[in-house]
Amino acid sequence: RSPGWAAFVPDEVIVVQLYSRDVGDGTPLVLLHAFPLSSAMWLAQREALAERFRVVTPDLRGFGGSPLGTAEPSVDVMADDVAALLDAKGIDRAVVGGLSMGGYVTLAFCRRHPDRVLGAVLADTKATADTETARADRLRIAERLEADKTVDVLLEGLLPRLVGPTTMRQRALIYGRVRGLVQSAPASAAAWAQRAMAARPDALETLAGLHAPALIVHGAEDEITTEDDARAMAEALPNAELTLVPRSGHLPPVEQPQLFNEAVGEFVAALGRTIR
Ligand code: MLT
């Protein structure tokens with residue numbers, strides 16, 4: 001980018017064009033992936049749910065096929081990227097859902113674009129901001145990612161906690177798949193996303209003001225977010241239901257896809273009936 005052109009860039013969020021996989025017809029269901037994965041994590045949802053809905057799974061900026069762009073790290077920027085993607089696809093309103101980091105982006109989307117939310121799915125995520133310790137940890141990890149230029153720090157610290165003990169014991173192939181996804185994350189995108197998550201605000205007020213129905217999903221063996229986090233979101237929301245997924249850790253759509261798809265499928269189908 002030439003300095004002359006940069007001088008004309010307005011001081012506002014500059015969205016990037018997200019790569020997304022978009023399959024099926026009907027009520028649009030947008031699913032936002034966890035950190036540091038990509039839209040590849042939603043394979044089983046695209047396969048099963050696209051028989052009934054239009055399933056749109058973007059790669060958040062820097063991950064998968066999407067460029068990182070030049071904006072300062074922020075979940076608001078990520079949410080605006082998703083809104084721009086919906087504009088480009090001619091989708092006015094959608095059921096927007098996300099897991100963990102994707103949930104933080106969903107919460108930012110609900111705050112910034114509430115009129116576009118037909119319903120929200122919040123899986124293994126939380127509405128509270130980071131504690132000081134958690135924020136400091138993220139910034140330390142971001143620095144290490146930038147220094148190493150590899151995701152080794154995530155393979156050591158985060159990967160073993162991404163799936164639950166049942167998956168670890170009984171389904172080694174799933175663990176291998178998640179490992180592959182973590183390994184393919186660019187270190188620069190992972191560092192940017194850590195800084196974005198560290199800066200995210202508390203979202204309990206956003207939930208209290210959300211009029212659209214919400215589905216909270218939580219893996220019973222999740223060690224990264226807790227059942228208390230899930231219950232706090234359900235209690236803050238005016239209109240929410242909570243589903244606990246047994247034998248799953250942090251990634252129910254990958255670890256127990258059938259149970260996850262049943263819960264989300266029922267939720268979106270019920271919304272689809274009310275908007276017709
Ligand atoms: C994720 O799964 O997206 C991350 O673990 C979220 C986080 O670091 O808070």
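The buried residues of helix 4 are Met 101, Gly 102, Gly 103, Tyr 104, Val 105, Thr 106, Leu 107, Ala 108, Phe 109 and Cys 110; buried means under 20% relative accessible area, exposed over 50%, and partly exposed in between (1.4 Å probe, protein chains only). Helices (H or I, at least four residues) and strands (E, at least two) are DSSP runs, numbered from the N terminus. This is a predicted model, in which local features need pLDDT of at least 70 and side-chain atom pairs count only at pLDDT 80 or more, while totals for chains, interfaces and linings use all residues. Residues are numbered from 1 along each chain as its sequence is written, and side-chain values use heavy atoms, with hydrogens and water left out.

**Helix 4**

- Ten of the twelve residues of helix 4 are buried, so this helix is largely enclosed by the rest of the structure.
- The twelve residues of helix 4 (residues 101-112) should span 16 Å at 1.5 Å a residue, and its end C-alpha atoms are 17 Å apart, which agrees; the expected span is 1.5 Å times one less than the number of residues.

**Ligand site**

- Around the ligand are Ala 34, Phe 35, Ser 100, Met 101, Tyr 104, Arg 138, Met 197, Ile 224 and His 250, where a residue is near a molecule if one of its heavy atoms lies within 4 Å of it.
- Ser 100 has a polar side-chain atom 2.9 Å from an oxygen atom of the ligand.
- A polar backbone atom of Met 101 is 2.8 Å from an oxygen atom of the ligand.
- An N or O atom in the side chain of Tyr 104 is 2.6 Å from an oxygen atom of the ligand.

**Core and Phe 35**

- The largest nonpolar core has 93 residues, and those with the most contacts inside it are Phe 35, Met 101, Leu 145, Leu 154 and Leu 251; such a core is a set of buried Ala, Val, Leu, Ile, Met, Phe, Trp, Tyr and Cys residues joined through side-chain atoms within 4.5 Å.
- Beyond its neighbours within four places in sequence, Phe 35 is in contact with residues including Phe 63, Met 101, Leu 154 and Met 197; contact means heavy atoms within 4.5 Å.
- The peptide bond from Phe 35 to Pro 36 is cis, with omega near -10°, and Pro 36 sits in the loop between strand 2 (28-32) and helix 2 (43-49).

**Positive phi values**

- Most residues other than glycine have a negative phi.
- Asp 124, which is not a glycine, has a positive phi of about 40°; Asp 124 lies in the loop between strand 5 (117-123) and helix 5 (132-148) and is buried, with a relative accessible area of 1%.
- Lys 149 has a positive phi near 60°; Lys 149 is in the loop between helix 5 and helix 6 and is exposed, with a relative accessible area of 67%.

- In helix 9, the residues Ile 174, Tyr 175, Val 178, Leu 181 and Val 182 are buried.
- Seen down the axis of helix 9, its buried residues fall within an arc of 120°, so they line one face of the helix; the arc is that of the directions from the helix axis to the C-beta atoms.
- The exposed residues Ala 172 and Leu 173 are on the face of helix 9 turned away from its buried side.
- The buried residues of helix 9 are covered by elements including helix 6 (152-157), helix 7 (159-162), helix 8 (165-170) and helix 13 (252-255).
- Thr 167, in helix 8, is buried, with a relative accessible area of 1%.
- Not counting residues up to four places away in sequence, Thr 167 touches Ala 172, Ile 174, Arg 247 and Glu 255.

Definitions and conventions. Polar contact = N/O pair within 3.5 Å; in protein donor to acceptor, adjacent residues only side chain to side chain.
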